[in-house]
Each structure stands twice: as C-alpha cells, then as structure tokens.
Amino acid sequence: MLNTALHKPICPKCESSLKKITLSNQAFCPHCYTCFLEYFSQSMKIGEAISYNPKQISDAIKNEKYELANSLSKDLKIPKQEHPYLFTRIEFLRNLDSYKFLNSENDKLKPAILSELNSRNPEVREIKDLSNNTVLTSEGTYIKVLNEHHINFGYIGTSNNTQELEDARLKNQHRDIQNNFTYHEKLGFLGPDPSHLGEAFKLQFGIALPHLYMDNQIQRISQACSDLGFTLKPMQIKKNSPLIYTLENKSSSNTTLKETITAAIQLGYAVKKAETHAQLKALESDHSYKLFASSYWSLGSLPSLTSEEYFSYIEDMICACLFNYLDKHKLQELTQLFQSQLHSILLLNDEQSDCDTSKVMNKDFEYFLNTLRS
Ligand SMILES: [Zn+2]
C-alpha cells in the first residue's frame, strides 16, 4: 500500500503538504505559515515577538494616536554611523496577501499579480514586459517585481554613513503602512523563504578585497563571515579575478534591520583589517602590481568592449586607484564612474539569465580610457 498519511496534513488554501514544505524548505502561500505555525516557529527558533508591526503603527495613526505611532517606530530607527563599505544596498521583500507565493509551478499567476501590483503602485506601471522586471524609480531606488517575491523595494547607496539606509527604511515603512502586504503578528512579513521573514529584508555591503583575493584568503574570510550570519560573494559573479565582494545577511527572520546593520558594520571593520594585513604582506611580492598592470595595459589594446568586460575593468581600476596602484588624483573621477554603473552591475548580477553582452557605447569606453590615461 502507498503511504498517503505521510502527505497529510495539508494547507487548506494551497494544498501543500507539510512534507512538501519541509523537504523544499519553503512556504507556498501565506496560509501555510498559520497552518503550520509550530513547525515554522521551531525551525526558525523565533523567540521574542518581532518589534516592527506596520498594522499597529497604521492603527495608531488612524486613531490619531500619533505619540503611540511615534514610539512604535522609534525603536526601529537605524542610528547614524559611519561604515567601511564602498556601497550599501537594501531590499524589502513583500508579497500580496491574496495570492500564492511565486515558485516554478505557478508562472501563470504572474500576469494577475502584476496587474494587482499595478493598481497599487503607480511606478510599477512602467513594467510592461515580464522579461525586464526592474524599474528605477528615483535617486538610488528601484522596484523589482515577480522575482522570488511579488515585489521588492530596493535602494543602492554610496555614502559613508547609515543615514541613507534609515531614509530608505522610513520611506518603505510609509509604503508598508499603506499597502496590505501579507503579514503575521509573530513571524512578520511573509514570503516563500522562511529565512527572510520578520522585517523581510536583504542587505548587501560592498567591500574591496584585492589583496585577500591575491593571497588566496577569500575562502577563509568567507567561512568566518558565514559563521556570523553573512554570505561573502563576488560583486560580479562571472568575473575572473573578483576584487570587490558583497556581504549579504543570510536571514532576517530572527533579527532586526537595526541589529543586522550594526553587526555588518563591525564585521566590515574586521574584514578591512584583514585586507590591510594582506596588503602589507603583498609588499613583499609584486603579484598585486602585476595583476593591476596587466589589466591596465590590456584595456588599452581592446578595439571594443562588452558591458560585462567594461564592468570588470571598472572594478579592477577602482581597486587599483583605492590601493594606490594608480595616480590618486583619478580617484574622484573613477569613483563617479563606478557609482554611475553600480545599479547596472548589481542588478545584472541578480538576473540569473545570461549576461547582457551588448557593446558598450564608444563614448563611454573613450571616457573611461581618457580618465585613466590623462
Ligand atoms: Zn499554503
């Protein structure tokens, strides 16, 4: 006899069995969480109640209890402090209450979800074609739809302190209060991935580690970061010799945004210290000089570039400049160039599709070369 009992109980809304949920380590609809709350609470080790409840804040505002609303959101504020990173990126992961979560089985839901998102967010109306699902909104911010979550609200910043992350958080809090995204009092914002509930965010911090890379220490550093809850990976996954890396939080379910940022900043200073040690060690050999020199000279010999190659050279040259292998006076121009391409580099990396191999505009290539050679 087939053992059908194994596949019970099931979520009454989406008919996924607990077995399917545990094996795939994902939820299939918001109701899966209420149905199997005990399983999710235990597997995520959720202790204290989460601090951010947009419904409470929204109710307080509706009832004109502004002091209460203020005190509810005060604890969430990210304190302003400096950080050691080249750039920061934050993404809030949100899902509609009335639809199943996205997975490979339910692609046909996408048009209906898109039209629902359209009616709530004017910016989403710019997305007509599902193969290009990202729209840049205002300075540094973007919206991505139907990519693992129904909608992701993102921000990429390049200042050296956390103020812009706080601004992005606050802007998103207003949006959360207006929208009816699926939310659970105990688990927070719900989505398919049980490790990204709570305030439901992904954070990325960019850091240049050329000497750790050349000293073959990335794996060791990456393990140390992983032990502390962060994944270290190349900023450009496909780049041959990755020099800039991103640190990303592995979970948002049992922490807060504020805590994660504080932990990431501490970790960033420690990693930077290791990079400085590796740089000192590199003085004894000429490996790093050779790598930068070969990148610098090969760049000039190319007749044209694909965007992938262009981004790769920008990464090499900004590192060469940051670590004094190039004239320091070019730093400002190169930084501007790097920052102007940052959205494209990071968003291109997100798409798991094939890389855009279209040619870089001649004038951009020339400007890049002139900046380096002038
Ligand atoms: Zn379900």
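Tutor: A nonpolar core is a set of buried Ala, Val, Leu, Ile, Met, Phe, Trp, Tyr and Cys residues joined through C-beta atoms within 7 Å. A residue is buried if 20 or more other C-beta atoms lie within 10 Å of its own, exposed if 12 or fewer, and partly exposed in between, with C-beta atoms placed from the backbone. The largest such core has 78 residues, and Cys 32, Ile 207, Leu 247 and Met 317 touch the most other members. Helix H12, residues 307-322, contributes the most to this core, nine residues. Helices (H or I, at least four residues) and strands (E, at least two) are DSSP runs, numbered from the N terminus.

This is a predicted model: local features need pLDDT of at least 70, side-chain atom pairs count only at pLDDT 80 or more, and totals for chains, interfaces and linings use all residues. Residues are numbered from 1 along each chain as its sequence is written.

Ile 207 deserves a separate entry. Leaving out residues up to four places away in sequence, Ile 207 touches Tyr 85, Leu 86, Tyr 245, Leu 247, Gly 268, Val 271 and Lys 272. Contact here puts the C-beta atoms of two residues, placed from the backbone, within 7 Å.

Now the whole chain. The protein chain has 14 helices and nine strands, and 35% of its 374 residues count as buried. Among contacts between residues at least 6 apart in sequence, 67% join residues at least 24 apart. The C-alpha atoms fill a box of roughly 65 × 50 × 45 Å, taken along the principal axes.
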